[in-house]
Amino acid sequence: MTSLQLSAKEEMVERFLDAAARGDLTQVSTLLSHAPSLINQTGYSGWTALMLAARNGHYDVVEALLSHGCDKFTVNSSSQTAYDIAKFWGHRHISNLLGRTEGGCHRVLPGSDLNQHENYYSRATLDRLSGKRTDKVWLEAKQSDPDTVYVLFSHLSPMVSSSQEDDNAGVESKLCRFRYEAVKDLLQKPATVLIFLGEERRKKPSPSPSSSSSSSSQTEEAVQDPPAWFAINTDEDAADLLKRCREKNCAFTKAPSRDLLKLNEEEAGIVAQARSVLAWHSRYSFCATCGSSTKLEEGGYKRSCQNSDCRSLKGVHNTCYPRVDPVVIMLVIHPDGNHCLLGRKKTFPAGKFSCLAGFIEPGEAIEEAVRREVEEESSVKVGPVQYVSCQPWPMPSSLMIGCIAVAISTEIKVDENEIEEARWFPRQQVIEFLLNGARPAALSVPPRQTIAHQLMKHWIGMNSNL
């Protein structure tokens with residue numbers, strides 16, 4: 001390209017930017033019709049035509065540029081989007097236009113074509129067999145079956161065993177498993193809460209040549225029901241309960257958010273189910289409709305009011321069934337695609353940052369909950385939202401709905417009632433966080449078992465081409 005050609009192109013860009021700054025809609029439209037590539041060209045300090053029009057309050061030019069596909073997520077050298085600029089200069093009608101959430105940003109948020117990650121607490125080790133919960137005869141037979149497995153909870157903490165006595169060591173814990181004879185006395189006590197968890201999933205036998213006798217033996221095993229699992233929660237003395245276990249270094253977990261992360265994936269899924277349902281029972285001993293006492297039914301998945309006149313017994317009422325609290329947890333990406341927003345609460349350990357999160361309100365969609373929570377906590381406005389994956393979180397019974405979102409604005413102003421601090425972190429620093437793992441550092445992120453960690457990992461993989 002010759003210097004003359006280059007200067008001609010630069011002159012056209014300058015004319016285009018000047019027309020947008022002056023609000024000359026006719027010239028902007030004319031230049032775009034001849035040279036559509038002008039739409040996202042930048043001038044001094046990285047300012048685009050959209051930014052200049054937003055700065056000077058030219059609503060019709062902003063509207064026209066957006067209709068031509070202008071990238072509203074572009075940032076200038078001061079890391080400002082057109083939305084930031086319009087908001088700063090008080091052009092509310094333009095910031096409202098730029099703040100609309102329709103339309104994706106494929107440069108920052110490409111299609112989700114990566115392999116889905118199985119989050120901790122999510123593995124379905126057991127077949128829940130919900131259809132068997134109303135079969136009292138079948139459940140009673142399973143309770144006394146010698147192959148049935150029981151896991152024991154004391155005040156919602158499961159009994160686990162470890163290869164080391166130090167419960168702070170980063171070693172794997174295992175659930176202590178009991179048979180019927182070891183817990184049958186507990187089942188007779190009124191304060192004991194028993195829930196049916198399901199049966200172990202059938203494993204397909206590996207095809208291999210064998211003798212007829214061996215084949216016959218395999219057939220007998222195939223028709224035999226796999227072991228059923230139950231969970232017991234009791235308020236009996238914890239020290240006495242520990243005497244029932246023959247494993248070494250048995251203990252009840254002390255800090256669930258820390259200690260439950262030491263289980264393997266299979267047992268973590270079992271604990272997530274058991275602890276969530278048991279926690280519900282611990283809070284709903286009385287009817288939420290009339291205040292009368294309730295009784296446990298359907299294998300522990302329903303509580304019915306014992307007042308025969310209570311209206312909760314008529315029709316289907318969600319007060320009768322275990323509740324799950326939906327929570328959005330989101331990694332917000334900067335419009336430049338190379339930074340993400342992380343925050344920290346006052347209760348976090350020093351230097352720890354995580355994704356923003358909040359409960360979904362009644363009648364609210366996931367996407368709107370993401371936008372509302374981010375703006376409430378950090379004042380950052382969010383546009384496109386993309387679902388990634390979810391994670392059961394049994395503290396006591398939440399479903400963490402993980403999303404990636406793209407910011408429309410970049411200025412941070414935290415609500416100190418919600419969080420203590422929020423920052424934009426560059427991608428390379430987030431990579432260092434993830435690689436650092438459990439090693440001590442001045443700044444850190446949640447461990448790999450959390451969905452916050454996995455959202456960051458997902459973003460790094462998704463944006464590996466940036």
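Q: What percentage of the 466 residues of the chain count as buried?
A: This is a predicted model, and the values that follow are computed from it. A residue counts as buried when its relative accessible area is under 20%. Over the 466 residues of the chain, the share that counts as buried is 45%.

Q: What share of the contacts with a separation of 6 or more comes from residues 24 or more positions apart?
A: A contact requires heavy atoms within 4.5 Å. Among the contacts in the chain with a separation of 6 or more, residues 24 or more positions apart account for 71%.

Q: What percentage of the accessible surface of the chain belongs to carbon and sulfur atoms?
A: The accessible surface of the chain amounts to about 24,100 Å². Of this area, the part that belongs to carbon and sulfur atoms is 50%.

Q: Which residues of helix H2 are buried, and why are they on the same side?
A: An α-helix has 3.6 residues a turn, so residues three or four places apart point the same way. In H2, which spans residues 25–34, there are buried residues; they cover an arc of only 100° around the axis, which puts them on the same side of H2. On the other side of H2, Thr26, Ser33 and His34 are exposed. The buried residues are Val28, Leu31 and Leu32.

Q: Over what arc do the buried residues of H4 extend around the axis?
A: The buried residues of H4 are Val61, Val62, Ala64 and Leu65. They lie on the same side of H4, because the arc they cover around the axis is only 165°.

Q: Which residue with a positive phi follows H4?
A: The phi of this residue is near 90°. The residue that follows H4 is Gly69.

Q: Where does Ser79 lie, and is it buried or partly exposed?
A: Ser79 has a phi near 60°, a positive value in a residue other than glycine. It lies in the loop between helix H4 (59–67) and helix H5 (82–88). With a relative accessible area of 28%, Ser79 is partly exposed.

Q: What is the relative accessible area of Tyr121?
A: Tyr121 has a positive phi of about 75° although it is not a glycine. Its place is the loop between helix H6 (92–98) and strand E1 (126–127). Tyr121 is buried, and its relative accessible area is 2%.

Q: Which residues does Lys142 touch, not counting residues up to four places away in sequence?
A: Lys142 belongs to helix H7, residues 136–143. Lys142 counts as buried, at 8% relative accessibility. Not counting residues up to four places away in sequence, Lys142 touches Thr148, Glu199, Asp225, Pro226, Ala228 and Phe230.

Q: How many disulfides are found in the whole structure?
A: A disulfide needs two cysteine sulfur atoms within 2.5 Å. The sulfur of Cys287 is 3.7 Å from the closest cysteine sulfur, in Cys310, and is therefore too far for a bond. Cys355 is in no disulfide either, as the nearest cysteine sulfur, that of Cys340, is 7.2 Å away. The number of disulfides found in the whole structure is zero.

Q: Are Cys287 and Cys355 buried or exposed?
A: The threshold for a buried residue is under 20% relative accessible area. Cys287 has 10% relative accessibility, and Cys355 has a relative accessible area of 8%. Cys287 and Cys355 are therefore buried.

Q: Which strand gives the largest share of the lining of the largest cavity?
A: The largest cavity holds about 70 Å³ of space. Its lining includes Tyr284, Phe286, Cys287, Arg303, Ser304 and Cys305. The largest share, three residues, comes from strand E10 (residues 302–305).

Q: Which elements give two or more residues to the lining of the second largest pocket?
A: The second largest pocket has a volume of about 760 Å³. Its lining comprises 31 residues, of which Thr192, Val193, Leu194, Leu296 and Glu297 lie nearest its centre. The elements giving two or more residues are H7, strand E6 (193–200), strand E7 (228–234), helix H12 (265–283) and strand E9 (294–297).

Key:
Residues numbered from 1 in each chain as written. Predicted model: local features only at pLDDT ≥ 70, side-chain atom pairs only at ≥ 80, totals over all residues. Heavy atoms only, no water. Buried < 20%, exposed > 50% of the residue type's maximum accessible area, 1.4 Å probe, protein only. Helix = DSSP H or I, 4+ residues; strand = E, 2+ residues; numbered from the N terminus. Arc of directions from axis to C-beta. Areas by Shrake-Rupley, 256 points an atom, 1.4 Å probe, with all protein chains shown as cover. 1 Å grid on protein atoms, 1.4 Å probe; cavity = no way out; pocket = protein on both sides within 12 Å on 5 of 7 lines; lining within 4 Å. Points joined across faces, edges and corners; volume = space filled by probe spheres on them.
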